[in-house]
Structures are given as C-alpha cells and as structure tokens.
Amino acid sequence: MSLLPYLIAGWIFLAGVYGIATSRNLIHAVGCLAVTQSSTYVLLLSVGYRKGATAPVFSDAPTSATVVDPVVQALALTDVVVGATVTALLLALVVQTAKRHGTIDPDELSGLKG
Amino acid sequence: MGRLLPLIVVVPLLGAALLVAGGRHVPRPVAEAVAGLAAAASAGLAAVALTRPPAVSWLGAWGPRDGHSVGIVLVGDRIGLGLAALTSLLVVAVLAYSWHYFDEPPHGHGGAFPALVLLFQAGMCGFALTGDLFDAFVFFELMGVVGYALTGYRVEEARPVQGALVFGFVNSLGGYAALLGIGLLYARTGELGMAQTGRALDESAGASGRGGDALVVAAFVLILTALLVKAAAVPFHFWLPDAHAVAPTPVCMLLSGVMVEMGGYGAARVYTTVFAGPGGVPAAGARRTLLVLGVVSALAGALMCWQQRHVKRLLAFSTVAHTGLFLTGIALLTPHGIAGTALYVLGHAGAKAALFACTGILLDRHGSVDECELHGKGRDTAGTGLLFAAGGLALAGLPPFGTSLGKALVEEQSPWLPALFVLVSAVTGGAVLRVAARVFLGAGQAGRDGEEGSEGPETAGGEEEPETGRRVRRPPVPMVTVAALLLAGALAVGTVPGLTGAVTTAAEAFADHGGYAAAVLDGRPAVHPAGAYDWWTWTGAGLGLLSAALAVGLAALSVGRRSRAVPGSAPLRRLHSGHVGDYVAWTVAGIGLVSLLALW
Amino acid sequence: MTRRVRLWVLAAGLLATAALYAAACTQLPGFGGSWHPYGDRAVRAALQQRTANTVSSVNFDLRAFDTLGEESVLFASVLGTVVLLRRTRDEKRVAPEPVRVPAALRRYGRLMLPVTLLIGLYVIAHGQLSPGGGFQGGVVAATSLHLLYIAVDYPALERFRPLGLYELADGAGEAAYVLLGAAGLIAGSAYLANVLPLGTFNTLSSGGTVPLLNAAVGIEVTSAVVVLLAHFLAQALEIEGEREEDRSA
C-alpha cells in the first residue's frame, strides 16, 4: 500500500481537471482549479514523509531527532500562497465576468470564437 | 559580475514596490520615468553581463559542496541572459509606447500599469535566468499572474475578462502539472536544481544500467506541458488568440514578443539540462514530440491566421505559427538549430511587437481592429502603413531582417524544412500584407463583411474602445517611434555581423548537457571556442526572397476577394470556441498526446 | 465544441494522464522511506544557521529567492485585483446599508479582535522558532481586522482601515525584502546571504536575517490581504452598476 498517497495525489489532480472541464459555473471552476492544485501539496508532502519522524522544528525537540523532509514543506507553503493568489485573481475576473456578461456559465460566454 | 545577476530580476521588483507605495502621490510622468529607469537599469545589467564571461550566482552564498547545494542558482549563460536582455529592452519599448497617451486606469491610482509591467519583466527575467526547477515554477506563476491581470486590464468591456479567464485557467493548470512533474523528479533524485537533477538522473542510470524509466518520462511530459502551454503549441494553444485579441496593445507586444517564446526556451533549457543525459529521455522521443507539435502548430496557426479579420487575433495566430517554427528549430536539438531559432526569436520579437504597435495606433484612431471596417481608413497615415507593411515583410522572411536570417539558418538543417518554413512565413506574412493593402491603400472592395463569405464562427473586432481614453487624430509620436525602432532592431539582428557568431557559440554552450552541470556545480565552465559559423548564404537569402514574394503574391491575389475562408477549415475554427471547459479538455488530451509522442 | 465531444476528448486525456502518472508512481521510492538527501542537508544547514524551525530556514535563508518570487506573486496578484476590481466609468459608489448585529456577537468580536491580532503578530515573530512565519501570521493579523466587519459593521471596518496606508505598507514590505537581500551584496557576500549575527539557538533573535525577512513578509501579507479583501468587499457592498439599477427599476 505504500503507493497509495502518491496515487491519491494523481486522483485529486484528475478530479479537479474533470471539474473544470465540465463546470457550468465559473466560481465552481475556480474551486476545481484549487482542487487540482491541492494534488501538488499531497504529492510533495508524501514525497517528504519519513516513517516515525517528527516535524522538522527543533524548538521543542532535540537536534538529534529524526525529522521529515523540511524542503517539501517549504515548497508546499510557497505553493499554497501561489494557489491562493491565483484563486483571488481569477475570482476577481469572475466578478467582472458576471457584470459584463450577465452570467457565469461558461457555456453562455461568447465573443471569442474562430 | 556573477554576484550582480540577481539584480536583473530584483531591480524591476523594487521599481514596482516603489510605484505601488508612492505611485498615487506623484504625477504620471514621474511614475512612468521611475518604471522606465528600473526597466532600463535591468536591461543595462543584462547587457553588461553579456559582455563578460558566463557566470553563475548562488543566492544566499549557498554554493555547492561536492556537487550538492541547498540553495538556488541563477545561471548567466548567453542564451538566458540574451533573453533577459530582450525582455528588458521590450519592456522599455512598451513603457515608451504607453508614455502619456495610453489610458491607464484606475485613475487616482497612478503607476499601477507600469508596476504590473515591471512585475511581468521580473517574472520573465527570473524564469530566463534561474537554474532551479522549483524556482522556475515560481517565476512561471509570477509571469502568469501578471499576465492574467494585464490581459483583463480593460474590465469595462466584456471580452477582456473572458480572454483573461481562459488564459488563467489553462496556464495555471499547466503550471500545476509541471509541479507534479517536479515533485516526481524530487522524489527520484532528491534535488531541485536543473544541473543537480540532471546529474542525479545520469548517475542512477549509470548505476542501474537503464535509461529513463516511466517516472522520468512522466516528469518530462508533465513539466513540458506547462512550457508548451506557455509556448502555445497545438493543442495547448487555445488561450493565446483569446488573450491576445483582448489584451491592451502594449501587453500584446510583451505576450507575443517574448512571453510565449519563454515557453520554447524553457522546454529547450529543461530538456538539455535535466533530460538530455543517459538517465533522461532519449533524444529521439524528445525530438519527435517537439517536432510533431511544432509542425502542427506552425500549419494550424498559419491556416487560422489567414482567415482572421480581427487584426490582433490575426497577429496572435501568426504567433502560434511562428512559435511552431521555433519549436521545430528547437526540436533539431543541435547547436545550429538553437542558434537559428534564437536569432529568429530576436527578429520576430521586433517585428511582431512593431506590428502590434501599429495595430494599436489604428485602434486609437478609429476605434476598431476589424480589417473590413478599417478598409481605406489608413490612407492618410503613410508612415504607419509603411511600418505595418515592413513588419509583414519581416514576418514573411524578407532578407535582411533577423527573422529571415534565423529562418535560413534553421532551414539549412534538414532538406524538408524549407518547404514548411517558406509556406508558413508566406501565409502569415501574406495575411499581414493583405491587411496592410486593404487598410492603408484601400485596395479591394470596401467590405461590409459579416454576411458574406465566412463560414462558421468568427471574432470581428469592430466597435472597440480606443486605448487612449478617446480617439486620437494623428498617430502619437512615441507610438510611431517605438514601432520604427522595433523594426530597426529586427533589421539589426540580420545585419550586425558579429551577432550570429556569438549566438552560435552561445547555442553550443546551451546544448551542452554535461558542460552546463560542470559550469554550475563544479565551477568549471566548459570552453566553447568561437568557431566557424554560417551567416547569410545564397540559398538562405533566396528562400527568404521566395517566401516574401509568395507573401506579396498571396496578398495581391486575396485583396480583391471578399472571402478569407479556406474551404474545409470550418471544423478547426469551431474548435476555437472561447470555452474554458473545451480548452481544459484539450490541455489534458495534450498531456496524453505528448506522452504518446515521447514514448511511441 | 458540443458537450459530448468535449467529454470524449476529456476522457481520452484523463485516461492517458492517469496511465502516465500511475506508471510513474510504481517507480517512486516507497512512502515514508528514509532517503531524503536534500532534506538532510537542509536540516544540517538550518541548525548551523541556528534556526530552530527548519522550514523557515529553507524559506527565508536557503531558498529565500523562492520566497521573494512567492511574495512577488502575492504582491502582483493584489495589484492585479486592485486594477481588475476598480470602479469603472459606468459604475458608482453607494453607501452600504447598515445591518443589525446581535449584541453577543458584537462583544465576541471586540474581545477576539485584539486576541487574534496578538496571535498573528506572535506567529510572525516566532517564525524562526516554531511553525508559522510571515505568511501564516500575516493572514491571521489581517483576519483580525475583519472581525470588525463581521461583528460590528462595514463602516466600522472602513474607519479602522485607511486603505492608502495599507497599500503603502504593501509596497514597503515588498521593497524591504528586496533591500534586505541587497544587504548581502553590500556586505560583500551574495544576494540574500544571511550576513547578520546568528544569535543564540532557539531564541527570538536567532537566525540572522530570517526574522527580518519574516517581518517584511508579515507586513506585506497583512496589508496585501487587507487590500485584497477591501476590493472584494467594495464590489459586494458599495459598487453598483447603472445597468443593475435599470434592471431593478
């Protein structure tokens, strides 16, 4: 079963993609994009896990303690911030889409064709 | 000089921070001057670094010990630095183009537009210089975020927000796919640096005697996905025409001129540094992938370009076509292919940005970018018309433009390449020349288009708001000057004698998988002596003249005809639906296609 | 493209991607293994830099340039949101209608605001020691201010939120990070080098530049989140298009 966490990451990615592609509501689609991104957190943190190890913080643990990989945690933190900001920006665009097009259903947006 | 490399990225960041903090308290010219200075300082630093020996900069002084480091490295090799310099120069041109005339809301929040442009510059320069996979992802996202905001800048209109949204969805999705790939590589190698990852892959291949396995291929495909989305290769390209058609003109100049090319650069860089060794992806697989997608993009882009009447969208599809040619050049995976492509990119940046600049002038004067509606309206501005036509000829590959030289150098690499390059150059250049003839000469019939000819859906481009607040009567001087200077730059790329030699040497270093790792990790820069190189040849110049003549011929033949539609292309046009779901479906289908091509 | 065709294209893409990724997973080292070369090096380097929270050491020292890029992404997207959510020519600003809030909620909000702010500042200040730092603490601190909106009302939030000042702080936080990086160059080392005295392990002043960079990020994130939410709130509560009025009239 030691592959399960990795496979779950892939599953989350695909589920998010399915959500975006079939979405009838742009806010929902932005949410699905966030789901897609969360797959990267799961993969990164799974890759960095070490059995029996503690958090990589030594303020209350001896410096000899075995810890999980701190690098992937730092990457995941960066990734979270990137994801949150992309979400904010896309939601701002959705707000304007609702105003200018009167709908947030991607099926009803027209204007850029051919 | 190595120590100062990070300044190329951070000086624009500082400029943006100053503009956000103080922009609303200073008059607009001051804000614009601050932005211009920051962009120019960064360009100057990149130019100085280009004159010195290649150097690397380990941020935080975390240099490697025994080939391993805990830090991030910026690599000042010639190609990366050249791209950073091109980006910065283009940003200076864009700021000059926007000077005074370009309407910059939100009012009472001065400096927001130049600050965004500086952040865009920082993102692209960081991406061009970094030697670290995760750091490249961060700058990829910085480029992306600023790109979406700038594309949707004109929120008063309906289409920009739609174009920005599809751009945002597809690019972000690509970025996350790449991050999965980076995660897979990290799990295998325990490294994030490009040089370290490449070396670790090779070592594990050497130890086990096998080449890249499924994991390496998957990582390659996933990372390549993000870069091909950026490079707008078919079928990842759908966002590009939508974004370019709606983005403000100065933003289009940056998107088409250099951001899309970053995708091709990234693909070449990641392949040569990480995957080109024995533990990576076999060269045949990488070559097949890039070649197929490049050729298909070039042909599809040219076909779509020809049929557009929305001038910005036409130019956008010509960017798809030309990036397809760049990917074809990169796919050869030879120093000469890369050198030719690099020159092509330089020339293309000047020509394409100049064409967008001229289109912006049309928009500001007439409130339209519709070829049919603009018919004959440009007759009183011969200067702009000449620049537009010269840009078209440059796209078509007329010697001695840099586009023509780059095209010639790539064409020489294989006997079947001239056919593709001549065809695509002629069609895209011909489309631009057709627009030039109709708009600036009033050739052909004045078209109340729309009801006739076109089969299937299309985006027209009439009734657009000028970007200058209200319509201008005469072409603003800074806008025309910038367009002329950009074309002069495209001309210089083809005529300055030493440039080709320097680029060829740079390309040899760029394609050297082991040399890159040695330079970055062991402090032993590989020596690539300036050797013999090709410049203009009779064949190359002849093929350039041929494609330019074909372009003129195509334009002349079509200018009197009412329909631009190419029979049988309606299904292809219908695929460009402006629908986020469609584009995302094509993006994952593209992942599947790339995996098939890489594995075969 | 019809929905049916899109689903077919999507299905093909999802299947191919799933196959590619699953094949890759079988080649990954087993979950929870002990081989983490970069992580081990990072822990050694963090301890050598006397930074107890190794994640902060990676973020603000070893890979501080990533964090500069990350902070810039946030900075850029806030600026982008300010631009995208501006009041356009055809829109006007209206005063939001007051809403009655239960007294108990008011008391709770007033109580929790200083507590939340304090927690935010604590999390920022202790980033080099315990889980947290500028990003996490900044979000908490910015949230505290918005308790005013939830527990009192929108005008109360507006009184305590001079937006111009927060935009200034947003730029200042970004500039501070860039300039702290340049300190490394000026000291004769590399950009973003940790050139300050490293202090005593596991104390507030340990870690050299790490706490300072954390503080710069904390300022930036706090003000960025405030500015970001301000523009979304203004869209929801204050800005009205003329078209909407026509519809309601």
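Predicted model: local features only at pLDDT ≥ 70, side-chain atom pairs only at ≥ 80, totals over all residues.
I began with helix α15 (residues 402–411) of chain B: 10 of its 10 residues are buried, so this helix is largely enclosed by the rest of the structure. Here buried means 20 or more other C-beta atoms within 10 Å of the residue's own, with C-beta atoms placed from the backbone. Helices are DSSP runs of H or I with at least four residues, strands are E runs of at least two, and both are numbered from the N terminus. Among the buried residues of α15(B) I noted G402(B), K407(B) and E411(B).

Residues are numbered from 1 along each chain as its sequence is written, while chains are lettered from A and ligands numbered from 1 in the order in which they are written.

Next I looked up chain A, and found three helices and zero strands. Its C-alpha trace spans about 60 × 30 × 20 Å along the principal axes. Of its 114 residues, 54% count as buried.

Then I turned to where the two chains meet. I found 36 residues of chain A in contact with 42 residues of chain B (contact: C-beta atoms, placed from the backbone, within 7 Å). On the side of chain A that touches chain B, α1 (4–22), α2 (26–48) and α3 (70–101) each supply at least two residues. The largest share, 13 residues, comes from α3(A).

Definitions and conventions
Contact = placed C-beta atoms within 7 Å. Buried ≥ 20, exposed ≤ 12 C-beta atoms within 10 Å, placed from the backbone.
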